[in-house]
Amino acid sequence: MMRRVVQSFDEWRDAARELIARQVAPEFVEWLSQPGDGDLFSAAPAEQGGAAPGANAAPQTNLRLPRQLMELLVSAACFSAADRWSFLYKVVWRWHLGERDVISPADPDGARLNGMVKAVHREEHDMHAYVRFRERKEEDGAPRFVAWFEPTHEVLPQVARHFARRMGNVTWMIATPAAAVLWDGEHLHEAPSLMRSAADIEDAGEALWLTYYRSIFNPARLNADLLRSHIPSRFWKNLPEGAIVPAMVSAAANGERRTGQTGTVGRRGGATTIPIAPERAQPQRGQPTTLDQCRRCDLWENATQAVPGVGPERARIMLVGEQPGDQEDLQGLPFVGPAGAVLEKAMAQAGMERDGIYLTNAVKHFKWELRGKRRLHKTPAQKEISACHLWLEEELARVRPDVVVALGGTALKSVLQDGGVTMKSVMDAPVRHDGRWVVTVYHPSYVLRAPDEATRREAYEVIVEGLRQARRLLGD
């Protein structure tokens with residue numbers, strides 16, 4: 001059994017050349033590894049053969065490794081594993097024997113090799129993204145900026161070269177538990193680790209950054225699950241903002257929404273709800289409205305804002321949809337998304353001027369569920385429709401339309417105040433309700449969701465004909 005102690009890729013490469021030249025199989029070599037750094041494979045060409053010093057009698061072999069394999073070996077050598085040197089030698093030995101599938105992901109050894117490389121590249125990417133430089137006092141001299149990072153794999157040299165290209169002649173240091181790299185503005189210098197943690201860094205400007213971070217944080221748009229999935233937990237402890245994010249997430253969960261309240265008013269854990277009186281709510285908007293303060297159901301908690309109706313104060317026709325969609329929730333206006341585009345086209349075809357129509361929704365807050373990174377529409381429950389009917393009643397009393405067009409089942413239930421009514425029962429002809437005509441058609445979003453072209457065309461024609469019927473009821 002032959003024993004080799006290596007502390008860097010360069011040393012492993014030289015030892016591997018000697019062993020290949022001696023035709024020593026992997027099972028006869030014991031590799032001992034210690035943490036180290038080093039300029040990964042910056043020396044002689046890979047295919048150059050030769051024996052180690054003191055092994056003058058060793059036979060020579062002309063081992064040629066392709067560029068692809070060498071790049072895999074260089075990256076995999078950064079992977080933190082106790083057997084990495086013996087595994088890499090096994091890969092080279094198999095290639096030496098003519099087994100070219102050793103670098104294929106379909107081969108067991110090739111799969112492990114490619115997996116190691118992928119993990120190392122991911123660690124490099126994470127280090128590029130999550131290294132945070134802190135500024136030192138100018139009178140303290142170089143380095144001007146200092147960062148602390150705890151990498152899973154030995155990627156510090158590659159990452160240091162990345163920051164050297166990015167930061168010009170500004171001096172800096174990146175320290176890790178095992179080593180440190182310093183940049184003097186022209187050259188990189190490797191050194192033993194000079195720090196124990198990020199707590200060793202003092203940065204007077206960090207308070208300014210945290211103040212800025214708090215000011216741009218929007219609790220109404222917070223998605224805690226997405227935040228945790230994008231930034232792995234092991235990085236948070238060394239990010240400056242990591243110290244304040246938990247408190248900000250907690251405050252958002254307790255009702256501190258952009259249109260909402262102070263931290264003293266909100267929701268407790270479990271099923272117990274703290275009653276919220278409108279006069280105690282403290283909206284941040286300059287001129288809050290009653291709708292902005294609405295807490296009659298829970299939909300306000302996950303919506304960006306309430307979306308009121310728009311149109312003339314005295315419009316003869318009112319179109320009532322279901323609820324705001326994603327774009328409406330962000331812009332604060334009804335029917336500005338894809339369904340709004342369908343409706344606008346149908347109105348034009350029916351001879352309606354949008355400026356003369358009052359547009360609103362039965363439910364004023366966006367109800368949604370997360371699918372990946374997208375907020376997808378979720379149909380409001382009857383209790384939510386009933387809770388929001390107060391605002392539709394206020395709009396009907398103020399605008400006093402002669403004809404109401406109910407776009408879909410949710411709107412119909414709210415307009416008629418009948419949770420059991422169905423579209424099929426009233427679509428054939430308009431009905432009278434509270435002294436006005438009610439016309440029922442499909443919601444424009446149904447046209448977008450219809451399973452086939454024929455169904456889409458039929459639904460669209462129903463909408464156009466319903467709008468024309470609304471005009472005829474006015475004698476237009």
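Which handedness does the crossing of helix 3 and helix 4 have? The crossing is left-handed, meaning that the near helix is turned anticlockwise from the far one by less than a right angle, whereas clockwise would be right-handed. Before the close-ups, please keep in mind that this is a predicted model, in which local features need pLDDT of at least 70, side-chain atom pairs count only at pLDDT 80 or more, and totals for chains, interfaces and linings use all residues. Residues are numbered from 1 along each chain as its sequence is written, and side-chain values use heavy atoms, with hydrogens and water left out.

**View 1. The whole chain, to get your bearings.** The chain holds 15 helices and 14 strands; helices (H or I, at least four residues) and strands (E, at least two) are DSSP runs, numbered from the N terminus. Of the 476 residues, 46% are buried. Here buried means under 20% relative accessible area, exposed means over 50%, and partly exposed is in between (1.4 Å probe, protein chains only). Among contacts between residues at least 6 apart in sequence, 69% join residues at least 24 apart, a contact being heavy atoms within 4.5 Å.

**View 2. Helix 3 against helix 4.** Helix 3 (residues 84–96) and helix 4 (residues 108–130) pack at an angle of about 130 degrees, and their axes are 11 Å apart. The axes are lines fitted to C-alpha atoms, for helices over the stretch in contact, and angles run from 0 to 180 degrees between N-to-C directions. The pair is therefore oblique: angles under 35 degrees count as roughly parallel, over 145 as roughly antiparallel, 65 to 115 as roughly perpendicular and the rest as oblique. Helix 3 brings Arg84, Phe87, Leu88, Lys90, Val91 and Arg94 to the contact, and helix 4 brings Asp109, Arg112, Leu113 and Met116. These residues divide into 5 nonpolar, no polar and 5 charged (Ala, Val, Leu, Ile, Met, Phe, Trp, Tyr, Cys and Pro count as nonpolar, Asp, Glu, Lys and Arg as charged, and the others, Gly among them, as polar).

View 3. Look for Leu69, Met70, Leu72, Leu73, Val74, Ser75 and Ala76, which pack against helix 1 (9–21), helix 3 and helix 4. In the loop between strand 2 (29–33) and helix 2 you will find Arg64, which is exposed at 55% relative accessibility. The C-alpha atoms of Arg64 and Trp95 are separated by 9.4 Å.

**View 4. Helix 13 and its surroundings.** Helix 13 (residues 409–416) has 6 of its 8 residues buried, so it is largely enclosed by the rest of the structure. The buried residues are Thr410, Ala411, Leu412, Ser414, Val415 and Leu416. They pack against strand 8 (317–321), helix 12 (382–399), strand 12 (403–407), strand 13 (431–433) and strand 14 (436–441). Gln417 follows helix 13 with a positive phi, near 55 degrees.

View 5. Most residues other than glycine have a negative phi, and most peptide bonds are trans. Phe335, between helix 10 (326–331) and helix 11 (338–349), has a positive phi of about 55 degrees and is buried at 5% relative accessibility. Arg400, in the loop between helix 12 and strand 12, also has a positive phi of about 55 degrees, but is exposed at 52%. The bond from Ala142 to Pro143 is cis, with omega near -5 degrees.
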